[in-house]
Amino acid sequence: MSNIIVKSPTTSKSALGKISHGSSWLGLVGAAMCVMWLLVAIFGPWLAPHPVGEVVSDNIFDSLSAAYPLGTDYLGRDMLSRIMVGARFTVGLALVAAVLASTLGTSCALLSVVSPKWLDELISRLMDAFISIPSKMLALIMVSAFGSSVTLLICTAVLSYAPGAFRIARSMAVNIEALEYVQVARTRGERRLYIACVEILPNILNPVLTDLGLRFGFIVLLLSGMSFLGLGVQPPDADLGSLVRENIGGLNQGAPAIVIPALAIGTLTIGVNLFIDRLSSRRSRRSGGH
Amino acid sequence: MNSTTLWLICRRLGAAVLTLFIVSMVVFAITAVLPGDAAQQSLGQFATPEQVAALRLKMGLDQPGVLRYLHWLMNLLSGDMGQSVSNAMPVIDLMAGRVPNTLMLAAATALVSVPVALMLGIGSAMGRGGRIDGFLSFFTLTMVAVPEFLVATLAVLIFAVNLGWLSALSYASDITSPWQFIRTYALPVMTLCCVIVAQMSRMTRAAVIDQLDSPYVEMARLKGVSKTRIVLRHALPNAIGPIANAIALSLSYLLGGVVIVETIFNYPGIASLMVDAVTNRDMALVQACTMLFCTAYLTLVLIADLCAILSNPRLRNQ
């Protein structure tokens, strides 16, 4: 019973996305920003005007110019090229981690809904324990124990965000599971796998995908935060968070090399949030909410 | 307070202790059991098997993981958190010097963010659907999504570099006057507040709107009560529980934000101590800091849940 009264941090976090009424053009702007960053992540490394590690200018922390549209960094490398390559790390890692986290969370949720009660209880308790470790703390102890690598960062993000996906998917799946047509399927003698994948999954897929988008945003913030601390993507590779870190010396001069990567992360996560917010507010209106 | 509520509270407290217990197991497993042989690691790959065996014996690694965990837990509970390898000091002394600084930062942030967030949240709930509400909703949605270091960088650029009002670095030690206090704390607190105010005001708005949609508010509106009075006298008292819940939950986001903020402003708090410990792989210090943060987080979530239980009139009046 207390499950209904006691609100979890994660469910209320994702409920944030639903209480809004942004006008539709904001959603479009958000979608455009997402598409732009996706394109940069896919094609950026080929389109970059200079090799990513090459020192091209004698001026460090140069301001915007025709030759170097986004200025130069602390060694005199071209910022535009570095951002185009860094975006692939940021977007790619977060996308892989978000898809894995959502898949793992949703699969466990479906499994626990069609399973016997003891297994359901076991999975739920385990997920609850992982949800009680703040994602940054989990990331910090994982890095301190295993050292930082791309695989480890993805594992950490999945461990931090799968439990949230599990909770949301489970709460929806439990409701669907109680409906008559699922009961009919069960009486008909369908197997558990069939009930989970054919009867329940299609009906929770939309909210699960929306949740995946939100999780992608959180993971971008987590991973670039770790890189900013010097504990994420390691040199010579650099994601957008590492770019902010390595150019922190330019802060006193107001160099674009530090502001632009930070703004880049901001536009990516803001774009995702605006887009997701629009999607979920439209759905709640269609389903008779406000 | 009746027996149902009391029972729920006891159950919730029990669950919190159990969760903390499981969390400590997870933390110990990740930091001390999974990464392999600490003795081998510290001696390097050229050590003779005898040297490794001797160090393993000295570090107690020859015992099974469960025993080591129980030993560690007992020490932790009695306040002995081990020795910090990189600082050659007891962990507890290192932490004792830093905790007050972080608490100061957290308190200043809470003091600023709670009133601002409540005003914004209640204000936008009152003007629901209007222009101010639309703007605030966009603004808070944006702030929730922005990384702390973007806010920090822009704040330093504007207030420290361009305007020169504040110093970019914080030193908590040399504070003698209130003016110095403001100069030191303004930027870190501002950065932390941005995200937290956004979270809190969105949840507050949702809580108040939830009440405004209920039949008793419609009744009040029909009998001609003014809008301000409806919100302040009718809706707010009923929304206190959800709002307290929102405040506690939002403050728990401080724990993540403070890691970035203390690093960027070079603030001598517990989170920057932990980041250093992670960089130096100083395990005893990492374990102690993690347990401290997780306990603080669980406590805030617990407070949020207790507010929700205590404010539920169906439970109170049974």
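The model is a predicted one, in which local features need pLDDT of at least 70 and side-chain atom pairs count only at pLDDT 80 or more, while totals for chains, interfaces and linings use all residues. Residues are numbered from 1 along each chain as its sequence is written, and chains are lettered from A and ligands numbered from 1 in the order in which they are written.

Chain A has 290 residues, of which 51% are buried; a residue is called buried if 20 or more other C-beta atoms lie within 10 Å of its own, exposed if 12 or fewer do, and partly exposed in between, with the C-beta atoms placed from the backbone. Of the contacts in chain A with a separation of 6 or more, 71% are between residues 24 or more positions apart, where two residues are in contact if their C-beta atoms, placed from the backbone, lie within 7 Å.

Chain B comes to 14 helices and two strands, and its C-alpha trace spans about 85 × 60 × 35 Å along its principal axes. Buried residues make up 39% of its 318 residues, and among its contacts between residues at least 6 apart in sequence, 74% join residues at least 24 apart.

How do the two chains meet? In the model, 56 residues of chain B are in contact with 50 residues of chain A. Several helices of chain B each supply at least two residues of the side that touches chain A, among them α1 (3–33), α8 (178–212) and α13 (283–310), and the largest share, 11 residues, comes from α13(B). By class, this side of chain B has 37 nonpolar, 13 polar and six charged residues; Ala, Val, Leu, Ile, Met, Phe, Trp, Tyr, Cys and Pro count as nonpolar, Asp, Glu, Lys and Arg as charged, and the others, Gly among them, as polar.

The helix α13(B) is mostly covered, since 20 of its 28 residues are buried. At 1.5 Å a residue these 28 residues should span 40 Å, which agrees with the 40 Å between its end C-alpha atoms, the expected span being 1.5 Å times one less than the number of residues.

Elsewhere in chain B, B:P115 is found in helix α5 (residues 91–126), and B:P115 is exposed because it has 11 other C-beta atoms within 10 Å. B:P115 and B:S201 are 86 residues apart in sequence, yet 9.8 Å apart in space, C-alpha to C-alpha.

Notes:
Helix = DSSP H or I, 4+ residues; strand = E, 2+ residues; numbered from the N terminus.
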